[in-house]
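Take a look at the fold below. Follow the strands first, then the helices.

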Amino acid sequence: MASVEHILIVGGGLAGLALAHGLQQQGFTPELVERNASWETVGAGIFLHANAMRVLRSLGLDAEVERAGTVIRRWAFYGQSGERLSETDLAEVWDGLGPCVGIARPALHKVLLAAAGTTRARLGMAVTSLVQADEQVRVGFSDGSSAVYDLVVGADGIQSTVRQLTWDGVPVGYTGVMCWRGIVPMRPAGVSGWTGVFGDGVVFGLVPLGDGHTYGFAFAGGPQIHDPLEGRLARIRERFAALRGPVPAYLAALTRDEDLHCAPIEWVEMPEWHSGHVVVIGDAAHAGPPTMAQGGAMALEDAYVLADVLGAETSVESALRVYASRRGPRVRWVEEQSRAMAAMFRTDYATFTAMFRERADAQMRALYRPLIPAP
Ligand SMILES: Cc1cc2nc3c(=O)[nH]c(=O)nc-3n(C[C@H](O)[C@H](O)[C@H](O)COP(=O)(O)OP(=O)(O)OC[C@H]3O[C@@H](n4cnc5c(N)ncnc54)[C@H](O)[C@@H]3O)c2cc1C
């Protein structure tokens, strides 16, 4: 076990909360600060692949997550007129590793939060400065206070303050894709598993959640825009009007502009994830287009591996070195493949759908195979 008494986790998202729980399991007593004044989450729903569920299983949370969400067994893609292009059995993709689950983000957060419950967590508190000296980190907080830690973990998302305070000039880029997402309290006919409908330069995804709800997300390539709230729903209905299958029923079930969250899809990539006694995990360290639905899974795996190496190694330095070498190949595989898939979406519609019909099933299996072994 690394001799690290005072650990600060910055950020209470998936990565931060899973890490808090994982560190407690290893016998550490971390502290956590979250910038938001409440535990509210944005972003509608999330699809948890079997490798994400494996981490939740190691934390003892898989059964609760399954109960709060719904198990998803198949993955199907359709063309814009509703014709089926491919269908894949997820148990075969993951070689029996365990179920995949669709869940509302607030429901997942609630489970993680309850599990991390004994961690000292301060809401409405952000990090404003970090100074490293003598194998310790002095952290300044937004209330003017400061404290010294043996390790600071930046789990503070794609706009990470910890990253900005530790590394110069890591850019956050726009992937060229805008995203709209929301949850409806019904299940459109035909949505029994993860369902994707392709149009010209657009993709619409529908994911079953718990309680008969459905999470929908729409990706559209193009310049980064600000889509004002007023009139958003009408604009989305018009923009995706050509898509058939279950899409019209989903769009009809949305009732207010506020039902749709809109954001650009961004990426961040950096050559190293630790410096001295500071390390970044999850989106703070690596983020890209969610084409493999693996960002959350990678954030959970990061947390699991970091807790594991801190429990196994004798110093912070060696733990962080082992952490980076265990995480590097997997995370880079996901980044590269996610970007390649996003580029495929820019192929013209006829070529793309023909290619997809022919190769999707085999390619999907190959895509996730390297993630089947434990991280
Ligand atoms: C459109 C879209 C769809 C996606 N779909 C999927 C999917 O289906 N499956 C999947 O696995 N992944 C998916 N992802 C990726 C996934 O959402 C992210 O990878 C994951 O949420 C990252 O978790 P995190 O904890 O690293 O960061 P975040 O969830 O961003 O959490 C960071 C936390 O840190 C807090 N914070 C920020 N700055 C500070 C500060 N200075 N001080 C204190 N606290 C701070 C924030 O308030 C936040 O609570 C998707 C992403 C997008 C954009």
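Strand 15 (residues 202-208) and strand 16 (residues 214-221) pair in the antiparallel sense over seven bridges. Here, strands pair if DSSP finds at least two bridges between them. Strands (E, at least two residues) and helices (H or I, at least four) are DSSP runs, numbered from the N terminus. Across this pair, leucine 206 stands opposite glycine 216 in strand 16.

This is a predicted model: local features need pLDDT of at least 70, side-chain atom pairs count only at pLDDT 80 or more, and totals for chains, interfaces and linings use all residues. Residues are numbered from 1 along each chain as its sequence is written, and side-chain values use heavy atoms, leaving out hydrogens and water.

Strand 5 and strand 6 also pair in the antiparallel sense. Tryptophan 75 stands opposite threonine 88 in strand 6. Five residues lie between strand 5 and strand 6 in their hairpin, where glycine 82 takes a positive phi near 95 degrees.

| Pair | Residues | Bridges |
|---|---|---|
| Strand 5 and strand 6 | residues 74-78 and residues 84-89 | five bridges |
| Strand 15 and strand 16 | residues 202-208 and residues 214-221 | seven bridges |

Helix 10 (residues 316-344) has 29 residues. From first C-alpha to last it reaches 41 Å, close to the 42 Å expected. The expected span is 1.5 Å times one less than the number of residues.
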